[in-house]
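Here's a quick tour of a ligand site and the domains around it. Have a look at the model first, then read on.

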Amino acid sequence: MARPHVVILGGGFGGLETAFVLRYRLRDRVQLTLVSESPYFLFKPNTIYIPFGLEPERLQIALRRPLERRNITFIQARASAVDPEKQTVFVDGQSLRYDFLVIATGAGMRPGEVPGLQEHAHSIWTPSDMLRLRSSIGDIVRTAREGKRVQVLFLVPPNNKCSGPLYEIVFMLDTYLRRQGVRERIGIVYTTYENSFIQAFGPRLHEVVSREFERRNITGYTQYVVQEVTPKSVFYANGNEIPYDVLITFPPYEAGIRFTGLPVDERGFILTDPRTRQVQGYPAIYAVGDASDFPVKQAFLAFLQADAAAEHIAMHITGGEEFRGFEPVSMCIMEMLDTATFAQVPLVLESPVAQVRSDADGLYKVGVSPLWRLGKKFLGLYLPFRFRAGNPFHVGLPWRIIEKGMKLMSGLLAR
Ligand SMILES: Cc1cc2nc3c(=O)[nH]c(=O)nc-3n(C[C@H](O)[C@H](O)[C@H](O)COP(=O)(O)OP(=O)(O)OC[C@H]3O[C@@H](n4cnc5c(N)ncnc54)[C@H](O)[C@@H]3O)c2cc1C
């Protein structure tokens, strides 16, 4: 009997985790094909180190070998359209039939939505953006050493769906400039449209960020909604204008690719069943990670969604009945170079936003300690190790051991 064919679009966190979990759970009971326009997996969370010296190649994993190792067909191509009625996906001129399709094509940026943003601000989206930022930071240090003042302005505009990395960059920049001995000549201002700092992660993250801003002499403003960016100033809807020499932003999000014929929101994110990740109205298609409509875009959440989609597909194929589904608990470590903040945040979807679950006090944990930097370093080694070997990240005994370790650490270093 023909084995069911699962086609996975995207070779990022969501796509690779889905592919490896399916192989791990179903062994040879399924035929797997992964399509990605890039030949590499990119470990995006650690691109924050590029402006401070890390070379981007260190964050790439070539996809071919780990996929071959797990007998997963790899097609390096761009998927352009899906015909759900014919169960076919179009990939660089060829069509592929699927029994199940998993879309994990990630997000893209829409800086043009804010007048002047694209022209005048540094973005932190791609490794190339991060290299440009590195060069600009070099200029800042040189200018400050000549005895001149420099004003650096950070900006989170509405519709950015993952503000955490911009907070990491501001704290890392502060630490880096102190180490270069030029911090006192550099003014740093942070503005966000959010009602509180890192709003999606609730009041405890806001407290940590406010405390760190004060300790580091960074001026922070919430509810500053950008209206326009000019070459030397940012204008806000509340009537304020803030001048800058260097402007750093994380632009508004949109879907990486808009699939016509599938239900999507106004930004192209695919509408899903929150638990199973099935696309609304199309039970054989799943969407996971940044490509889907879950409002917080994060690698850890992409893993959880991939696990749920893979489990659901496996249940269909094996006829099993046990299914946990996607429960959004975000976990992240925010780097600051001199210390780090750990956050475990149980979320509840209150469309169109996600909020901290009010009934999950024991699960909601935040802590600041230099020891969390070791956790970040460990994940930066462990995850590429798993993917290089063709193994899922979030499954099996190794993950259970890590989970125990995290529990122990967060018991001691977070509250
Ligand atoms: C600077 C930065 C720091 C971050 N830090 C963190 C962090 O600390 N913790 C955290 O949890 N999250 C973090 N994130 C967010 C995290 O990186 C994303 O949420 C995660 O990458 C989403 O995974 P994904 O698989 O959905 O998409 P991606 O990782 O973006 O992968 C998408 C894949 O799809 C492929 N693709 C795209 N279009 C097509 C197409 N049409 N056809 C075929 N293939 C296609 C791409 O080549 C890629 O392989 C950070 C993001 C950035 C930018």
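An oxygen atom of the ligand sits 3.1 Å from a polar backbone atom of Gly-11, which counts as a polar contact (a pair of N or O atoms within 3.5 Å). A ligand nitrogen atom is 2.8 Å from a polar backbone atom of Ala-79, and a backbone N or O atom of Gln-298 lies 3.3 Å from an oxygen atom of the ligand. On its own the ligand exposes 1,000 Å², and the protein buries 93% of that (Shrake-Rupley areas, 1.4 Å probe).

A word on the model: it's predicted, with local features needing pLDDT of at least 70 and side-chain atom pairs counting only at pLDDT 80 or more, while totals for chains, interfaces and linings use all residues. Numbering runs from 1 along each chain as its sequence is written, and side-chain values use heavy atoms, leaving out hydrogens and water.

## The shell

There are 33 residues around the ligand, and Gly-14, Lys-44, Ala-79, Asp-290 and Ala-299 come nearest (a residue is near if one of its heavy atoms lies within 4 Å). H7 (299–318) is one of the elements giving at least two shell residues; with three, H7 has the largest share (helices are DSSP runs, H or I, of at least four residues).

## Two domains

Domain 1 (5–106 + 256–413) and domain 2 (111–252) make up the division of the chain, with bounds from an automatic or database domain assignment. Each gives the shell at least three residues. Their centres, taken over C-alpha atoms, are 28 Å apart.

Definitions and conventions: A polar contact is a pair of N or O atoms within 3.5 Å; within protein, one must be able to donate a hydrogen and the other to accept it, and residues adjacent in sequence count only if both atoms are side-chain atoms.
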